[in-house]
Amino acid sequence: MVVVMMIMMVMAMVSEANMIEQTCKETPDFNLCVSLLDSDPRGSSADTSGLALILVDKIKGLATKTLKEINSLYKKRPELKQALDECSRRYNTILKADVPEAIEAISKGVPKFGEDGVIDAGVEAAVCEGEFKGKSPLTSLTKSMQKVSNVARAIVRMLL
C-alpha cells in the first residue's frame, strides 16, 4: 500500500513537471519560463491559468523592484530626473493598471484582457528604456520585464 502511494506521488510530480515543461516549450524563452515557474511553489500544481497568474506575479515583483531602483536613482543621478519621472509613471501603470487587469481577466476566464495587461507591461518597460536615449541605468531591469512579459503573453495566449 505504501509503495503504491509513493509511486502515485512520484507520477504526480513527474506529471506536474511535465506541465511546466510542456507549457514552456510554447513560449519564446523556454529556460526563463521554466526558471520562473519552478521558483514558485504554486507552479508544481498549477494549471495553465495558474501558470499565467504566477507570471503576472513575477511581472508585479519585477515592477516593484524597478520602482525601488528608480527611486534610488533620483538621489544618485539627479540629471536623469525627467527620464526617471517617465519611468516611474510607466512602472506605476504596470502595478496599478496592467497587473490588476491581467489578474482579474485570467481569474475570470477572459484571457484576451489578460493578454493586453501583460503585453502592456512589456511596452511600458520599452518606453521607459527609450527615455534614456541609449544611456539607461535600468537596461537590465527593463529587458527582464520585456522577456517576462513575452513569456507571460505566450502562456496567456494558450488560454484563448
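## Ground rules and confidence

Contact here means heavy atoms within 4.5 Å. What you're looking at is a predicted model, so the confidence scores deserve a glance before anything else. The chain averages a pLDDT of 91, with 89% of its residues at 70 or more.

## Overall build

The secondary structure comes to 6 helices and 0 strands, which reads along the sequence as α-α-α-α-α-α. Of the contacts with a separation of 6 or more, 68% are between residues 24 or more positions apart.

As for burial, 39% of the 160 residues count as buried. The accessible surface of the chain is about 8,800 Å², and carbon and sulfur atoms account for 59% of that.

## The nonpolar core

The largest nonpolar core holds 40 residues, and the ones touching the most other members are Leu-37, Ile-59, Tyr-91 and Met-145. Helix 1 (2-24), helix 2 (30-38), helix 3 (48-76), helix 4 (81-107), helix 5 (111-130) and helix 6 (139-157) each give two or more residues to this core. Helix 3 makes the largest contribution, with 11 residues.

Met-145 is a handy place to start browsing. Ignoring neighbours within four places in sequence, Met-145 is in contact with Ile-59, Leu-62, Ala-63, Tyr-91, Ile-94, Ala-121 and Ala-125. Two of those partners, Ile-59 and Tyr-91, are also on the list of residues that touch the most other core members.

## Thr-23, tucked away

Thr-23 is found in helix 1. Is Thr-23 buried or exposed? Its relative accessibility is 5%, so Thr-23 counts as buried, the cut-off being under 20%.

The side chain of Thr-23 reaches back to the backbone oxygen of Met-19, at 2.7 Å. Setting aside residues up to four places away in sequence, Thr-23 also touches Leu-51, Ile-155 and Met-158.

Lys-133 is found in the loop between helix 5 and helix 6.

Most residues other than glycine have a negative phi. Lys-133 has a positive one, near 55 degrees, and isn't a glycine.

Methods:
Residues are numbered from 1 along each chain as its sequence is written. This is a predicted model: local features need pLDDT of at least 70, side-chain atom pairs count only at pLDDT 80 or more; totals for chains, interfaces and linings use all residues. Side-chain values use heavy atoms; hydrogens and water are left out. A nonpolar core is a set of buried Ala, Val, Leu, Ile, Met, Phe, Trp, Tyr and Cys residues joined through side-chain atoms within 4.5 Å. Buried means under 20% relative accessible area, exposed over 50%, partly exposed in between (1.4 Å probe, protein chains only). Helices (H or I, at least four residues) and strands (E, at least two) are DSSP runs, numbered from the N terminus. pLDDT is the predictor's confidence in each residue, from 0 to 100. A polar contact is a pair of N or O atoms within 3.5 Å; within protein, one must be able to donate a hydrogen and the other to accept it, and residues adjacent in sequence count only if both atoms are side-chain atoms. Accessible areas come from the Shrake-Rupley method with a 1.4 Å probe; for residues, only the protein chains shown count as cover.
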